[in-house]
Amino acid sequence: MGNYSRIAHSRMLQELYTSIKRNNSNNAFCINGDFCTYEKLLELIGGISSAIVKYGGSTSKKIGIVATNTIETYASILAVWFNGYAYIPIDGNNPPKRNSLICNEAQIDLVLTS
C-alpha cells in the first residue's frame with residue numbers, strides 16, 4: 001500500500017486507493033484539455049502525502065487547500081483524506097486578511113497550494 005499506512009481507517013478510502021491503482025493507465029482527469037492518468041495522480045498524491053507527513057503534524061488535523069481547478073488541488077484533497085485529515089477550501093481570490101481569519105478560526109496549521 002505504499003506510503004499510505006493510515007488509509008486503512010476507512011473502507012471507502014481503501015476501495016478508492018485500490019481503484020486508482022487498478023486503473024493506473026486510464027485517464028483520471030481532463031482539466032482545460034490536459035489529461036492526467038491515475039498513475040500520475042497517484043504520483044502527485046504520494047508527493048503531497050510526504051509533505052503532509054513532514055509538515056502537517058498538527059493536533060487539529062485540518063489542512064487548508066487553496067482551491068483551483070488543477071490536478072494538484074484534486075491530488076491534495078485525496079492526499080489529505082488518505083492521511084486522515086480534513087481539508088478546508090481556501091479561496092485564493094480572497095483578501096489575505098480574510099484567508100488568515102479563516103485559517104485562525106478553523107485552526108488550520110498547514111495550507112497547501114499549487
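**Entry 1: salt bridges**

I started with the pair E15 and R11, which form a salt bridge in this predicted model, with the closest N and O atoms 3.1 Å apart. My cut-off for a salt bridge is a side-chain nitrogen of Lys or Arg within 4 Å of a carboxyl oxygen of Asp or Glu. Why do E15 and R11 sit about one helical turn apart? Because they are 4 residues apart in helix α1.

I then checked how open the two side chains are. E15 is partly exposed at a relative accessible area of 43%, and R11 is exposed at 67%. For these words I use under 20% relative accessible area for buried, over 50% for exposed and partly exposed in between, with a 1.4 Å probe and protein chains only.

How many salt bridges does the rule give? The count comes to 2. I found E43 and K40 meeting in a salt bridge too, at 3.4 Å from N to O. E43 and K40 are 3 residues apart in helix α2, so about one helical turn separates them. E43 counts as exposed at 54% relative accessibility, while K40 is partly exposed at 37%. As a reminder to myself, side chains of opposite charge can pair when their charged atoms come close.

**Entry 2: ground rules**

I number residues from 1 along each chain as its sequence is written, and side-chain values use heavy atoms, with hydrogens and water left out. Since this is a predicted model, I take local features only at pLDDT of at least 70 and side-chain atom pairs only at pLDDT 80 or more, whereas totals for chains, interfaces and linings use all residues.

**Entry 3: the overall layout**

I counted 4 helices and 5 strands in the protein. From the N terminus on, they run α-β-β-α-β-α-β-α-β. Of the 114 residues, 38% count as buried. I also looked at contacts (heavy atoms within 4.5 Å). Among contacts between residues at least 6 apart in sequence, 60% join residues at least 24 apart. The accessible surface comes to about 6900 Å², and 52% of it belongs to carbon and sulfur atoms. That area is from the Shrake-Rupley method with a 1.4 Å probe; for residues, only the protein chains shown count as cover.

**Entry 4: the hairpin**

I followed β1 (residues 27-31) into β2 (residues 34-37): the strands run antiparallel and 4 bridges join them. Pairing here needs at least two DSSP bridges between the strands. C30 has F35 in β2 as its bridge partner. The two strands form a hairpin with 2 residues between them. Which residue in the turn has a positive phi? N32 does, at about 55°, although N32 is not a glycine. N32 is exposed, with a relative accessible area of 70%.

**Entry 5: the open sheet**

I traced an open sheet of 3 strands in the order β4-β3-β5, with parallel pairing. The edge strands are β4 (86-90) and β5 (110-112), each pairing on one side only. The twist averages 30° from one strand to the next. For that angle, axes are lines fitted to C-alpha atoms (for helices, over the stretch in contact), and values run from 0 to 180 degrees between N-to-C directions. β3 (residues 62-66) pairs with β4 in the parallel sense over 5 bridges, and V66 stands opposite I90 in β4.

I compared lengths with the expected span, which is 1.5 Å times one less than the number of residues. The 18 residues of α2 (residues 38-55) should span 26 Å, and its end C-alpha atoms are 25 Å apart, which agrees.

The buried residues in α2 include L41, L42, I45 and I52. What covers the buried residues of α2? The cover includes α1 (11-22), β1, β2, β3, α3 (71-82) and β5.

In α3, 9 of the 12 residues are buried, so the helix is largely enclosed by the rest of the structure. Among them are I71, I77, L78, V80 and F82. Just after α3, I found G84 with a positive phi of about 80°.

**Entry 6: one more positive phi**

I flagged Q107, which is not a glycine, for a positive phi of about 55°. Q107 lies in the loop between α4 (96-105) and β5.
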